[in-house]
Amino acid sequence: MRERIERVAVLGSGVMGAGIAAHLANAGVPCLLLDMVPKELSEEEKKAGLATRDPRFRNRLANRALEGLARAKPPLLYHPKFLPLATPGNFEDDLPKLAECDWVIEAVVERLDAKRALFEKVEAAVRPGTVVSSNTSGLSIAAMVQGRSDAFRRNFLVTHFFNPVRYMYLLELVAGEETNPAVVEEIARFGTFRLGKGIVHGKDTPNFVANRIGVYGLMATLHAALAMGYRFDEADAITGPALGRASSASFGTADLVGLDTFLHAVRTILDGCPQDEALDTFRPPALLERMVARGALGRKSGAGFFKMEKTPDGKRRLLVLDPALGDYVPEQRSDFPSLKAASKLPGADARICAVVGAEDRAGAFARRILHGTLSYAAHRLGEIADTVVAVDAALRWGFNWELGPFETWDALGVEETAHRMEESGANVPGWVWEMVHSGFPSFYRDGEAGREFYSPRDKAYLPVPRPESFLVLKDLKRQRPPILGNAGGSLVDLGDGVACLEFHSASQPRLNPIDGQVVEVMALGLARAEKDFRGLAVHHQAEQFCAGADLAMLLEAAKEKQWDAIAALVRRFQAGTMGMRRAKIPVVTAPFGFTFGGGAEVAMAGDALCAQAELYMGLVEVGVGLVPAGGGHLFMLDRVLEGIDAPVLSNLPFLQRAFETIAMAKVSGSAEEARSLKYLRPWDHVEIQRGRQLHAAKRMALALAERGYHPPLPRTYALPGRDGLATFQMLLHNMRLTHWASDHDVTVGTHVANILCGGDTTVASPVTEERVLELEHEAFLSLCGEEKTVARIQHMLETGKPLRN
């Protein structure tokens, strides 16, 4: 086995192969992407005069895959700059280059004969000790390595990525009987820390872990919908977020995956698991067979369980298949009381309990699906994976469930639910009853050092395994109570002289908007951290970092004309972000996910940023008719003018870049794109592994402290004032004439330009930081009084979409 993985080859440039190559490039890993040589020249290639020996012809498949990566929506690359790390080639000319690679990943067609033939060629090309893996979703290792040498078998395993590779956290690792454990350990380490994946160790059984349970759940839902007379859109309304599942729910997920791919996974279990007690559930109904036969494969064919059509007025309308009619009918919104009640509850556990306990049609359907799924998952323990942790993680990371099956069972109450399951005909395996009757009431519990899980083999609770660098705030707070806090946040001791300022909105825990409580804890936490700690990290571990200001609170205040209250809150928020900027100790912010508006200003206020790779960051206030007012303009001026000492007039192109970013509410699609937009600076760090982000931020704060930290000196800016504003007003005027901007867009844009140009100033009068903040404050208050701003905020709260008015 190679001691370090520095270069990787991906064999097969289809959807999965190209996605794996893209993510290797995202991680900075050079890779080869190889595929077959086409059988003949295309008409286009003939017209271009290419010969069959031309690399452009021979590498056509891999070249097209890489071209597709550059255009993919959603993007599979963090940034186009990573694309050159993937080199195209073909199986006939470039297999000798495998000798330069440390890991070879096979991702060709899911046919045993094709994989065996390729592995024979791979073994002849690689150096001794090279790791070879298959991205198969269900073929057995024993069958794939038949005929290969002992050395090849020792270095072979399954590495099952999920599509789309960039966005899906799960990487299933499956070892064969002869696989060297050190190989599995090295790939697990590389997958975790270099590729940022969540590792689940599965067993060499059909469909491994996530797909074995997930496919059962989808088939159980299909059979239940047909047997109980539920429309497919009804079933999806029940089996989506209301049950802690993805918004695509069941039939939307099947359409997304592709019904042919889904049916292949079903048949893999039918063929490979003849003793499975739920085999009847996996037998596809005639409807599914007919759909695949006629090419209704889901989104990739334009129709599956659902179909999108354009109406005569050009709008899009979603249709759903009516199995009785054999045709598509308009989707209907389900009106289940339990779903309405559940939608108002904050956590997945509460939502699941509300729906499963309901006596309406949604509750009846949810009970049938969940009881069967919980029973099936419990029966698979030991067969597909050794622990409930692995099964739960596989479903969370591979199917985007908020709670895995055993976590769901805990939320419902293990013993009570087990009795209800057996009453409904779902068999509960003996180990679950043994667990309950032996005094272990749940699959998980909070231990002294962290979360623990029940192990049937050990008949005891064991610590949930995780790398030492995965700091979990919940566990840290259990060991040491927060130093201070309120409903909006807490100050937590991370150890080694570093504290963490954590946000946790009580009203909106998913989005963590900034409100008075958050602003208060920022001030209190920073003051305490300066007194008692060497450094501060700003981070939390909810779903999104911060979606901006609490718009509902702001709307109410604006409607009531509470201008003094709004002004005071803005001043306090500015004091919070500038307090971070001027703190006596280093402040490292660690944003992730949605980092909008005030959340972006908090992130930009620190000495350094430790961003998670999936960062969607933007100063988006103009979308609701406002401007950034927590220092956003100031921080953007810092970034665009960094190192610029040219005369004032030559600064306009740099100011225009800041203006376009703010006035067009540009949002990054990744942390690297945020760097391109200047939200991140060249020295800011991007952490690909979310679990390690807090650890990395802590180390960055310590490094700054150990170097002998001093806060940055106050800065002044040579800004063009009215002359620069006139230039931006001309730009806005042209945008209005060409219908790129509304009248209110021009109003808001003028405020942005005025702030960036320093207001009423001249070349000879440097603008202070305080003056920029004053201009923000004035503009924000002025816009809060605009009727069109109030209408935009109202529209955003009601629809989640910006309004052009």
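Reply: Happy to! Two strands count as paired if DSSP finds at least two bridges between them. Please keep in mind that this is a predicted model.

Strands β10 (residues 316-322) and β11 (residues 327-330) run antiparallel and are joined by four bridges.

Now to the loop. A303 sits between α14 (286-293) and β9 (306-310). Is A303 buried or exposed? Its relative accessible area is 13%, so A303 counts as buried, the limit for that class being under 20%. Beyond its neighbours within four places in sequence, A303 touches A296, L297, G298 and Y328. For a sense of scale, 43 Å separates the C-alpha atoms of A303 and H539, which are 236 residues apart along the chain.

The loop between α14 and β9 has a part in the aromatic pairs too. There are 25 aromatic pairs in the count. In one of them, F251 and F305 are tilted, with 4.8 Å centre to centre and 55° between the planes. F251 belongs to helix α11 (residues 251-257) and F305 to the loop between α14 and β9, so this pair ties together parts that are 54 residues apart in sequence. Both F251 and F305 are buried.

Another pair is edge-to-face: F594 and Y616 are 6.5 Å apart centre to centre, with 65° between the planes. Because F594 is in strand β20 and Y616 in strand β22 (residues 615-618), the pair ties together parts that are 22 residues apart in sequence. F594 has 29% relative accessibility, so it counts as partly exposed; Y616, at 22%, is partly exposed. Elsewhere, F406, W409, W431 and F443 make up one aromatic cluster.

Strand β20 leads us to a pocket. Along with α24 (551-559), α25 (563-581), α26 (598-604) and α34 (787-799), β20 (593-596) supplies at least two residues to the lining of the second largest pocket. That pocket has a volume of about 1,200 Å³. Its lining has 44 residues, and A547, G548, A549, D550 and L551 are those nearest the centre. By class, 29 of the lining residues are nonpolar, nine are polar and six are charged.

Definitions and conventions:
Residues numbered from 1 in each chain as written. Predicted model: local features only at pLDDT ≥ 70, side-chain atom pairs only at ≥ 80, totals over all residues. Heavy atoms only, no water. Buried < 20%, exposed > 50% of the residue type's maximum accessible area, 1.4 Å probe, protein only. Contact = heavy atoms within 4.5 Å. 1 Å grid on protein atoms, 1.4 Å probe; cavity = no way out; pocket = protein on both sides within 12 Å on 5 of 7 lines; lining within 4 Å. Points joined across faces, edges and corners; volume = space filled by probe spheres on them. Nonpolar A, V, L, I, M, F, W, Y, C, P; charged D, E, K, R; others polar. Phe/Tyr/Trp six-rings, centres within 6.5 Å; stacked < 30°, edge-to-face > 60°.
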